[in-house]
Protein chains: 2
Amino acid sequence: MKILIKDVLLDGSIRDIFINNGTIEEIGVNCTRPADKIINGKNKAALPSFINGHTHAAMTLFRGYADDMPLKSWLEEKIWPLEAKLTPEDVYWGAKLACLEMIKNGITVFNDMYWHWEATAQAASDMGIRGLISAVFIDMFDPKKSTEQIEQNIKLFELSKKYQPSVTFTFGPHAIYTVSKQSLEWIRDFSEKENILVHMHLAETANETGFSMEKYGLTPVEFLDSINLLSERYIGCHGCMLNEPDTRIIKDNKVKLVHVPVSNLKLSVDRIFPYVLMKTEGIPYCFGTDGCASNNHLDIIETMKFASLLAKFCSHDPTTLPAGETFDLATKTAANIFRLGSWEIKVGNAPDIILIDLARPEFVPNFDIYSDIVYASNGTVVDTVICMGKILMENRYVPGEEELMDKANKVARALVAR
Amino acid sequence: MKILIKDVLLDGSIRDIFINNGTIEEIGVNCTRPADKIINGKNKAALPSFINGHTHAAMTLFRGYADDMPLKSWLEEKIWPLEAKLTPEDVYWGAKLACLEMIKNGITVFNDMYWHWEATAQAASDMGIRGLISAVFIDMFDPKKSTEQIEQNIKLFELSKKYQPSVTFTFGPHAIYTVSKQSLEWIRDFSEKENILVHMHLAETANETGFSMEKYGLTPVEFLDSINLLSERYIGCHGCMLNEPDTRIIKDNKVKLVHVPVSNLKLSVDRIFPYVLMKTEGIPYCFGTDGCASNNHLDIIETMKFASLLAKFCSHDPTTLPAGETFDLATKTAANIFRLGSWEIKVGNAPDIILIDLARPEFVPNFDIYSDIVYASNGTVVDTVICMGKILMENRYVPGEEELMDKANKVARALVAR
């Protein structure tokens with residue numbers, strides 16, 4: 001499909017952008033190439049789309065079902081009992097609802113970890129966005145479960161080929177307190193052989209560190225390093241508890257991180273992600289929303305504002321994590337972490353593209369578009385979404401959205417009532 | 001004007017609401033009273049409007065002009081030089097832009113402190129929302145300036161009568177480090193005589209506490225108590241540095257507070273508002289956005305999410321400041337602080353009313369509307385705004401908004417270029 005965006009604001013100038021099957025072939029003025037679709041970009045800005053570095057998509061079904069509770073009773077009394085009842089169809093509709101919400105917020109790529117892998121893969125594929133999707137890998141240190149999980153993951157890896165290019169299979173070892181050393185060692189070897197990303201909760205809570213110290217006599221990062229799981233394929237989510245020695249190990253192993261500030265605050269974690277340390281050491285990280293049970297909103301612009309402002313507060317320095325850097329982490333750096341190629345709107349690149357509606361009070365006077373996006377706006381400023389060369393949303397409308405919301409609503413209510 | 005809202009979600013049931021000149025006269029089903037305007041409330045929820053407890057409206061003109069800077073150079077090199085150039089016309093258009101943005105975010109009442117009082121009053125009046133408006137009162141301990149400011153405030157108080165009921169005059173002594181004891185004593189007496197609210201920055205930074213300890217040998221709260229300025233009319237904004245003895249004084253004097261979390265984080269204040277102490281002592285407080293130079297967004301739902309999540313993180317307790325309590329503080333408690341009467345949608349009350357659009361992914365499945373509003377949404381979910389019995393926004397459109405944004409944009413750019 002050939003798309004021509006006319007008269008759009010790009011890097012401070014008004015330009016036309018010509019896209020052919022997702023690849024930007026021309027950026028200029030008065031472009032007259034024939035296109036299947038012409039988009040009027042007046043009063044809009046073109047930007048690369050956002051990437052959600054950590055979520056559990058189908059948990060949209062649990063939004064608002066259990067909030068403001070202590071972590072233990074929240075999990076044991078509310079979340080786990082519901083998850084035990086989940087069917088693949090539930091997950092499919094929950095994940096589709098999440099994809100809709102992400103599209104509406106300008107997100108075209110999400111890094112997921114959840115149950116019923118294929119249901120989420122089908123949802124991402126049907127909605128036309130990119131999912132890096134892992135199955136939750138938990139064996140609770142039971143060798144039998146470990147074997148089952150390994151077999152299951154090999155199957156899913158094979159199955160994932162039919163969902164390309166929308167879906168990329170990744171490993172999702174849940175955390176060091178739920179996955180045995182032998183499973184992690186298998187994941188290490190298979191992920192190296194097949195060049196698969198490894199998506200894991202890492203250093204989220206003091207409890208996790210305590211478990212690791214007790215069982216292995218090492219911090220979570222030291223333990224994972226001791227079994228050589230850490231590599232340029234490893235993506236650690238949360239990272240609240242990381243200390244300086246951990247960070248050196250992370251750097252030496254080219255590990256990447258995902259910062260999940262909204263969820264961390266809502267569940268009142270013990271410490272916040274050490275921005276200044278990451279910046280000093282040059283560790284690549286991006287942002288994640290987490291699932292809707294612990295955020296409850298799949299809006300990465302909102303997450304960016306939380307991240308930038310928390311970084312300033314926690315570092316006692318208002319110059320920490322400025323708007324432009326925050327925007328780059330959520331786009332360029334994230335695309336690098338998830339191996340998506342160059343995520344800038346330049347000829348020859350193939351980033352997903354969003355158009356931002358500038359005709360809104362929050363973009364007046366618009367002295368600095370990155371400041372306005374990070375500090376003054378939210379996901380609803382996204383007007384148009386183009387993913388893998390196809391238009392997913394125009395004028396904030398996604399075809400079929402009413403039916404999707406209606407169905408997901410029914411699925412969620414039936415789940416709770418079961 | 002008689003307004004009939006049909007089939008709207010109210011407190012969990014579908015109801016009709018009949019409003020006559022701002023007062024709710026009937027809540028029921030199948031209401032057939034004749035109305036000047038019938039609003040279809042299907043797929044919408046009716047709620048009391050939001051109240052912005054602390055802002056500097058016209059600072060919308062500075063949005064994105066200076067961010068990510070140390071406080072001192074931000075003020076001295078960027079904000080103060082621009083403020084020195086401000087004309088009443090600039091303030092009028094900046095405040096009008098702020099009113100537009102607040103209406104779009106469901107805010108119908110704002111508590112303001114800024115230069116060129118009458119320009120802000122005119123803007124609030126022209127836009128049809130309620131402003132509690134104070135002139136910045138600064139004398140820098142200069143008796144001559146004190147006399148000028150007192151004369152000026154007496155004039156403005158008289159002038160304010162012509163802007164009723166839209167505008168209420170309040171006093172705006174800037175802070176203890178910019179206003180002399182003699183001016184504060186005059187404000188104390190005049191505000192008592194005329195029953196005027198006093199709007200002041202209070203206990204925002206460690207610098208302010210340091211100044212107070214050095215000059216008066218007392219904390220800011222202790223100093224204000226020593227001159228009897230504290231009363232049920234006193235509204236202290238920020239309050240980050242308040243300690244336990246301060247809080248007892250605040251309680252004894254029936255003082256109210258405004259918590260301004262987004263601005264506090266962005267400027268990286270030394271400590272955060274002590275929620276748990278306020279809750280324990282039962283001190284009434286509400287939320288403020290602050291001005292657009294230090295937030296940069298007049299969205300009180302966003303502020304509510306920041307407040308609720310920060311409270312959980314800082315108290316190490318995910319049950320702190322739950323969604324329903326957060327919503328009540330931003331509506332019912334705020335209305336009480338600003339003497340607006342009962343701010344609940346009940347027969348006989350006259351709160352301003354907003355309709356929320358529920359046909360959005362963030363309201364699926366909608367198990368709990370307060371959770372969804374505080375944790376999953378933002379100001380753009382507001383579809384309709386009714387203030388003082390008049391419809392200010394319908395289908396997210398405010399008449400004249402394009403021209404207003406265009407003019408404000410030109411004014412801001414001309415100001416910077418002057």
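1. The model is predicted, so to speak of local features a pLDDT of at least 70 is needed, side-chain atom pairs count only at pLDDT 80 or more, and totals for chains, interfaces and linings use all residues. Residues are numbered from 1 along each chain as its sequence is written, while chains are lettered from A and ligands numbered from 1 in the order in which they are written.

2. The hairpin itself consists of E15(B) and E16(B) with 2 residues between them, and Met388(B) in the turn has a positive phi of about 50°. Strand E16 covers residues 390-393 of chain B, and its pairing with E15(B) is antiparallel, over 3 bridges. Here strands (E, at least two residues) and helices (H or I, at least four) are DSSP runs numbered from the N terminus, and two strands pair if DSSP finds at least two bridges between them.

3. E15(B) also has a neighbour in strand E14 (residues 353-357) of chain B, joined to it by 4 bridges in an antiparallel arrangement. One of the bridge pairs is Ile354(B) with Val385(B). Strand E15 (residues 382-387) of chain B is mostly covered, with 6 of its 6 residues buried; buried means 20 or more other C-beta atoms within 10 Å of a residue's own, with C-beta atoms placed from the backbone.

4. Turning to chain A, the domain assignment (automatic or from a database) gives domain 1 (2-48 + 351-401) and domain 2 (50-337). Their centres, taken over C-alpha atoms, are 29 Å apart. The contact takes 23 residues from domain 1 of chain A and 22 residues from domain 2 of chain A, where contact means C-beta atoms, placed from the backbone, within 7 Å.

5. On the domain 1 side of that contact in chain A, H13(A) provides the largest share, 5 residues. Which residues of H13(A) are buried? They are Ile369(A), Ser371(A), Asp372(A), Ile373(A), Val374(A), Tyr375(A) and Ala376(A). With 7 of its 8 residues buried, H13(A) is therefore largely enclosed by the rest of the structure. The cover over these buried residues includes strand E5 (44-48), helix H11 (300-315) and helix H12 (323-337) of chain A.

6. Finally, the chain interface: 49 residues of chain B are in contact with 49 residues of chain A. H14(B) gives the most to the chain B side, with 5 residues.

Methods: Two residues are in contact if their C-beta atoms, placed from the backbone, lie within 7 Å. A residue is buried if 20 or more other C-beta atoms lie within 10 Å of its own, exposed if 12 or fewer, and partly exposed in between; C-beta atoms are placed from the backbone.
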